[in-house]
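This report concerns a single protein chain. Please consult the sequence and the three-dimensional view below while reading.

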Amino acid sequence: MIDRRGSLAMRWAVSVAAVVTLTVGSGCSLIPSDDSGQAPESSASTSSTPSPTPSRSPDSSPSGDADPAQCRPDDCPKLPTPTAELMTSGVNPANVDTAVPEYLTTLLDDLDQTWGGWFDQLGWGDPAPGRVLIESGTSFTTECIAGDEDSSPVPIPSDEANAFFCGVDTEPNGQGTPTEGSVVLPVETFAAIWDGNVFGVPSPIVGDFTAAIVVAHEYGHNVVFRMAEAFDIPDSRLPAGKNSELIADCLAANWGATAYQRDALGAKEILQVASLLPIIGDTGGASGHGSARERAVALTVGLTGPQFNRQGQPVDCIERYWPEFFEVE
């Protein structure tokens, strides 16, 4: 008899293996390449311009009296599962203008509750980021992207083929409190997901969880940012290279495990995530974010643990992609 934990591991392994084998093993990609073989910077969280790596202002200071010894590899708590059910979007052509922003908001609310519970257990304060939902026909000027000529901030439109976390944008969090470090989500771009257009790339398998895992990934960058802020961790000890993206994948899958616990992550949703891998993975000469196979591993570690032996836990992600966090100076 297969228990619930084993069922999750089996479904995930089968879905990911099938998609990664087809897209990586065959050498083909869903991301179109230009003549130089370089993949365009258009997929979720893969633009090198708005770097989602935690970047704190020079005068930032630790928040609270957090002690790194409170979370060690052998005693870091599990990510708590919220009691609330995970909302479904109900997106259709008639309600897309209202349903998509509402769904993105409920996702951020759920992530706040989930990660807020973990931070609360550890006494690390509130991790809730600022929120920016770029509504249809509007734009948002982020401090994380500067123009080429005058280095002034660049406005991001509601159909920007990217979503990102910016550590220096100060925007209201879910409670309306101005917060440094914000998740930026272009609404029109997310709305296109339900039409099979995933950040400018066609995908035959899409749905609520396609959008959810992208939002959870950006929130993963926020989690790293809040941890670095709480302990005043210097840039030299932040996740290095592609690990800065892979840990966000892994932490997103930690949240995905809580969705599974609430019966909101089944075979259909797992396939949506697996189908996202060739879109967000490095291809065609691009580098820095992890290949589809590497990102599949990161999601697997976050969802089922490194040995497919338990529901994913934050400590698994930290040990693999950010071991520097456990270094005490």
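## Basis and confidence

This is a predicted model, in which local features need pLDDT of at least 70 and side-chain atom pairs count only at pLDDT 80 or more, while totals for chains, interfaces and linings use all residues. Residues are numbered from 1 along each chain as its sequence is written, and side-chain values use heavy atoms, with hydrogens and water left out.

The pLDDT is the predictor's confidence in each residue, from 0 to 100. Its mean over the protein chain is 80, and 74% of the residues reach 70 or more. Over residues 14-64, however, pLDDT stays under 50. For this stretch the model has 113 contacts (heavy atoms within 4.5 Å) beyond four places in sequence. Where pLDDT is low, the predicted coordinates should not be read in detail.

## Overall make-up

The protein chain holds eight helices and seven strands. These are DSSP runs numbered from the N terminus, with helices (H or I) of at least four residues and strands (E) of at least two. Of the 329 residues, 54% are buried; buried means under 20% relative accessible area, exposed over 50% and partly exposed in between, with a 1.4 Å probe and protein chains only. Among contacts in the chain with a separation of 6 or more, 73% join residues 24 or more positions apart.

## Helix packing around H5

Helix H5 (residues 243-261) packs against helix H8 (residues 314-321) at an angle of about 170°, with their axes 9 Å apart. H5 is therefore roughly antiparallel to H8. Angles over 145 degrees count as roughly antiparallel, under 35 as roughly parallel, 65 to 115 as roughly perpendicular and the rest as oblique. Axes are lines fitted to C-alpha atoms, for helices over the stretch in contact, and angles run from 0 to 180 degrees between N-to-C directions. From H5, Asn243, Leu246, Ile247, Cys250, Leu251 and Asn254 meet Pro314, Cys317, Ile318 and Tyr321 of H8. By class, this contact has eight nonpolar, two polar and no charged residues. Here Ala, Val, Leu, Ile, Met, Phe, Trp, Tyr, Cys and Pro count as nonpolar, Asp, Glu, Lys and Arg as charged, and the others, Gly among them, as polar.

Helix H2 (residues 96-122) packs with H5 at about 95°, their axes being 11 Å apart; H2 is thus roughly perpendicular to H5. Leu107, Asp110, Leu111, Thr114 and Trp115 in H2 meet Leu251, Asn254, Trp255 and Thr258 in H5. The contact of H2 with H5 has five nonpolar, three polar and one charged residues.

## Proline 80

Proline 80 is placed in the loop between helix H1 (4-25) and H2, and is partly exposed at 24% relative accessibility. Leaving aside neighbours within four places in sequence, proline 80 contacts Thr114, Gly117, Trp118, Gln121 and Thr258. Proline 80 and asparagine 254 are 174 residues apart in sequence, yet 9.9 Å apart in space, C-alpha to C-alpha.

In helix H4 (residues 208-230), 23 of 23 residues are buried. At 1.5 Å a residue, the 23 residues should span 33 Å, and the end C-alpha atoms are 32 Å apart, which agrees. The expected span is 1.5 Å times one less than the number of residues.

Most residues other than glycine have a negative phi. Aspartate 232, in the loop between H4 and H5, has a positive phi of about 50° and is partly exposed, with a relative accessible area of 39%. Phenylalanine 199 also has a positive phi, near 55°. Phenylalanine 199 lies in the loop between strand S6 (197-198) and strand S7 (201-202) and is buried, with a relative accessible area of 1%.
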